[in-house]
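Here are a few exercises to work through with the model open beside you. Each one comes with a solution that goes step by step.

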Amino acid sequence: MSTYRICLIEDDPIMGEALSDRFELEDYHCDWFKTGGAAILALGHTKYDIAICDIQLPDINGEDLFKQLKASEACLPHFIFTTGYGTIDRAVRLLKLGAQDYLTKPLDIHALLNTVQSLCSRSVCSVTRDTMLGVSAAMRHVEALLPRIAKNPTSVLITGESGVGKERLARALRSQYDPEHKMPFVTVNCGALTESLLEAELFGYAKGAFTGALREKRGLFELANGGTLFLDEIGEMSPAMQVKLLRAIQERQIVRVGAETPLHVDIRLICATHQDLKQMVEAGKFREDLYYRIHVIHLHIPPLRERKEDILWLTGNLLEDWNTQNSDLRTLSKPAEQSLLNYPWPGNIRELKHCLERSCILSQQTELSAELLFDDAPAPPEETYSTQESLSEYIQACEKKYINNCLRINDGHIAETAASLGISRKNLWEKMKKLGI
Ligand SMILES: Nc1ncnc2c1ncn2[C@@H]1O[C@H](COP(=O)(O)OP(=O)(O)OP(=O)(O)O)[C@@H](O)[C@H]1O
């Protein structure tokens, strides 16, 4: 079946059935709605490629329906209107509002199919499932802003709790101005490196700049030249590094550590943080001038618990990914869906992803149960406990297992793992070394 999805809005049962059967025959996926209200609801959570809408609907006329959807700033499918009461005035109004076509009844089915086929081959807003951010009003609003932001190479700050999809949003923005990914997109987690390492990573170094600098090295600013530099966890940057970063942004120049010649760099800067930078500025922990430099456009991603509509949409996508990569298919039971909706997801999408991954692996049935989703790894059977083990060995084994688990949930990010464990990064490194992780 073709992957194109049609939203058919038609109250006439004979016309609706005939069209939806014909579209299915032509290998489109067609959802048929008999009222404008039902269609608005569906367009709110499902991405369609085309909407075919009768202008005379029982609850709302097609023109008002279209205006209402446009006001939501969502990325809408191509709209084709049909009516038996066609007037040129109305057609012109709808086309001016952004509709793609207008057909009068009785419909010429071949003309309609040709129009549908040619519109399907044109992407609506260059958003594919991989670059889509969600179906909630909040995420659709952010998504709708991207084409406008992409037109100006200005600094963007993305905020939101850990795991909400800040890097995903940065990449979606990049796909808007560089759809074929021809320009570099370089990421660095500022919280994962010590100050001197971060400086050497960002700006590069000259040969002999410090012990071990056996040859010169280009920094990430240079590697990102002509493209994007994504600075994750910018709030973790030390005050000294903040000064150096500000200078690099303002002057569009960097100097490699240990070198003297400045190098020109032309980059788009996207920064992200889970911290409240404004509050950090007030507390004197983040430079105000740097804050205003990186904060020209601010995009905030709410936590998953505040946009519950996205939970099942994300789950559907993640299970679809699993099912295309694995022969043992997975689906969700209704109680499992409800339990996903009820859970607060402190680790946001990252936690949801890991929860589903774990359940897909552990489940012995196609349908994932609610118990399995939220059940921690089964406790080892009693007999595996060895009485030969000292208490400290047992505690160490538990500590190792717990740290490994947190590292997995945080995709191996040291700063996030340390924060979730409530210890410093240094302390985490020491423990990892001691426990052989
Ligand atoms: N829309 C999405 N669909 C599928 N997976 C997603 C989506 N958004 C985020 N993810 C996944 O969730 C995880 C966390 O996403 P991401 O790294 O973008 O979050 P983040 O906010 O940058 O996290 P952190 O603050 O820890 O750096 C990643 O594994 C990512 O692939």
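A crossing of two helices is called right-handed if the near helix is turned clockwise from the far one by less than a right angle, and left-handed if the turn is anticlockwise. Keep in mind that you are looking at a predicted model.

**Exercise 1. Describe how helix 2 and helix 3 pack.**

Step 1: Locate the pair. Helix 2 covers residues 36-45 and helix 3 covers residues 62-71.

Step 2: Take the geometry. The two axes come within 11 Å and cross at roughly 25°.

Step 3: Classify the angle. Angles under 35 degrees count as roughly parallel, and helix 2 and helix 3 are therefore roughly parallel to each other.

Step 4: The crossing of helix 2 and helix 3 is right-handed.

Step 5: List the contact. From helix 2 come G36, I40 and L43, which meet L65, Q68 and L69 of helix 3. By class, these residues of the contact comprise 4 nonpolar, 2 polar and no charged.

**Exercise 2. Characterise the surroundings of the ligand.**

Step 1: Count. The ligand is surrounded by 19 residues, with G165, K166, E167, R168 and I349 the closest.

Step 2: Sort by class. The shell holds 7 charged, 7 polar and 5 nonpolar residues.

Step 3: Trace the helices. At least two residues of the shell come from each of helix 7 (166-177), helix 13 (309-325) and helix 15 (348-362).

Step 4: Trace the domains. Domain 2 (137-300) and domain 3 (306-374) each give at least three residues to the shell.

**Exercise 3. Find two backbone exceptions.**

Step 1: Recall the rule. Most peptide bonds are trans, and most residues other than glycine have a negative phi.

Step 2: Look at omega. The bond from K105 to P106 is cis, with omega near 0°. P106 sits in the loop between strand 5 (101-104) and helix 5 (109-120).

Step 3: Look at phi. R252 is not a glycine, yet its phi is positive, about 55°. The loop that holds R252 runs between helix 10 (239-251) and strand 11 (253-254).

Technical notes
Residues are numbered from 1 along each chain as its sequence is written. This is a predicted model: local features need pLDDT of at least 70, side-chain atom pairs count only at pLDDT 80 or more; totals for chains, interfaces and linings use all residues. A residue is near a molecule or strand if its C-beta atom, placed from the backbone, lies within 6 Å of it. Helices (H or I, at least four residues) and strands (E, at least two) are DSSP runs, numbered from the N terminus. Ala, Val, Leu, Ile, Met, Phe, Trp, Tyr, Cys and Pro count as nonpolar, Asp, Glu, Lys and Arg as charged, and the others, Gly among them, as polar. Domain bounds come from an automatic or database domain assignment. Axes are lines fitted to C-alpha atoms, for helices over the stretch in contact, and angles run from 0 to 180 degrees between N-to-C directions. Angles under 35 degrees count as roughly parallel, over 145 as roughly antiparallel, 65 to 115 as roughly perpendicular and the rest as oblique. Two residues are in contact if their C-beta atoms, placed from the backbone, lie within 7 Å.
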